[in-house]
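Good morning, and thank you for making the time. I would like to take the group through one structure, and I ask that you keep the sequence and the coordinates in view as I speak.

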Amino acid sequence: MRILGTIMAVCFTAMIVSLTFTVFKHSLSSTSQGPHSPHVAVVDLNGVIYSSSSFIKDVESLLDNTECKAAVIRINSPGGLVGPSQEIYQSIKSLDQKIPVVISMGSLAASGGYYAALGGRKIFANPGTLTASIGVIMEFMNTEKLMDWAKLERFSIKAGKLKDVGSPTRKMLPEEKAFLQELLNDVHVQFRQEVKARRSLTDSELDQVADGRVMTGAQAHKAKLVDALGGYQDAVKEAKKLAGLPDKASVVIKEPTKGLLRELLLGQAEEENSHWDRLVNSLVDLTAFLTQNTRTKILYLTSGF
């Protein structure tokens, strides 16, 4: 028992030391100003957009760095929740008022991902990038027949006629469909207005591209939804040009902001290359998205594939 107690004490001490070191390093990194020379910062926007807080923190950190002269936002996203997509768009737009911001679209920058891209000063897309999808969608499932087959009784108690709109246990009433359609139309109008203003489109040009269709980068370029065809290096080169930086200026890739608990559980960036770690990250992100989407029944922008 004495040996077991000693082992437990050593393990506990090691855990405390590790925790203290991680907290100290986390504190230092949060106050770091980055390289002490003029440079271009690169910030990634990846995956389904269900939250904007970490991305906005990354963007705000660039404003505190006087040596950051331009930014490249690298987008690989199918879209996500409406509110966070709009907040990310606003944060990119605000950053562009301070320093030049160039958007680099990867394999996918559709719907909410394209909404976010509108905040940049110039948008680059690969010819094969899937983008646009300027539309809004809500999807529901009617499990009424399944419940009847399983002989399950369902009911709800509500205060407010439309409180249970979208319930999966019954058919949707015509007035409920009309209500939701009006809701979607309002969000779609907001999306269209930003596209029209930021891309300087006429009403006719907007109508041809804002029907929810997905486009390739080449098609989007012809439709004036992106400024140029090119990859990540082209976007970096353009950012340096806009900032008046030499070709040899440094490029600093911003590590995504992570919570301390996540850092303790998953480790640092250089440790996050294993199949297990990528699986854990995927499960964490997917669980958070499904939980938030299920609990709030919130609208989301999606590319539909």
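Let me begin with a definition: helices, of at least four residues, and strands, of at least two, are DSSP runs numbered from the N terminus. The model before you is a predicted one.

With that numbering, lysine 224 is placed in the loop between helix 8, residues 217-222, and strand 8, residues 228-229. I start there on account of the backbone. Most residues other than glycine have a negative phi. Phi of lysine 224, however, is near 70°, a positive value. With a relative accessible area of 35%, lysine 224 is partly exposed.

Alanine 132 also has a positive phi, near 70°, and is likewise a residue other than glycine. Its setting is strand 6, which covers residues 130-132. Is alanine 132 buried or exposed? Alanine 132 is buried, since its relative accessible area is 0% and the cut-off for buried is under 20%.

I turn now to helix packing. Two packed helices are described by the angle between their axes and the distance between the axes. For helix 3, residues 82-96, and helix 6, the axes come within 12 Å and cross at roughly 20°. Angles under 35 degrees count as roughly parallel, and helix 3 and helix 6 are therefore roughly parallel to each other. Their crossing is left-handed. Which residues make the contact? Helix 3 contributes Val82, Gln86, Tyr89 and Lys93, while helix 6 contributes Val187, Gln190, Glu194 and Arg198. Sorted by class, the contact of helix 3 with helix 6 comprises three nonpolar, two polar and three charged residues.

The next topic is charge pairing. In total, the count comes to twelve salt bridges. One of them joins the side chains of arginine 154 and glutamate 144, at 3.6 Å from N to O. This pair links distant parts of the chain, ten residues apart: arginine 154 belongs to the loop between helix 5 and helix 6, and glutamate 144 to helix 5. Arginine 154 counts as partly exposed at 25% relative accessibility, and glutamate 144 counts as partly exposed at 23%.

Lysine 158 and aspartate 164 meet through their side chains at 2.8 Å, N to O. Here lysine 158 is partly exposed, with a relative accessible area of 40%, whereas aspartate 164 counts as buried at 12%. Arginine 170 and glutamate 176 form a salt bridge at 2.6 Å, N to O. Arginine 170, at 23% relative accessibility, counts as partly exposed, while glutamate 176 is buried, with a relative accessible area of 2%. Salt bridges that share partners join Lys158, Asp164, Arg170 and Glu176 into one network.

Finally, consider valine 165. Where does valine 165 lie? Valine 165 is in the loop between helix 5, residues 144-149, and helix 6, residues 174-199. At 12% relative accessibility, valine 165 counts as buried. Lysine 177, which is placed in helix 6, is twelve residues from valine 165 in sequence and 8.7 Å from it in space, C-alpha to C-alpha. Lysine 177 is exposed, with a relative accessible area of 52%.

That concludes the presentation, and I welcome your questions.

Technical notes: Residues numbered from 1 in each chain as written. Predicted model: local features only at pLDDT ≥ 70, side-chain atom pairs only at ≥ 80, totals over all residues. Heavy atoms only, no water. Buried < 20%, exposed > 50% of the residue type's maximum accessible area, 1.4 Å probe, protein only. Axes fitted to C-alpha atoms, helices over the stretch in contact; angles between N-to-C directions. Parallel < 35°, antiparallel > 145°, perpendicular 65-115°, else oblique. Left-handed = near helix turned anticlockwise from the far one by under 90°. Contact = heavy atoms within 4.5 Å. Nonpolar A, V, L, I, M, F, W, Y, C, P; charged D, E, K, R; others polar. Salt bridge = Lys/Arg side-chain N within 4 Å of Asp/Glu carboxyl O.
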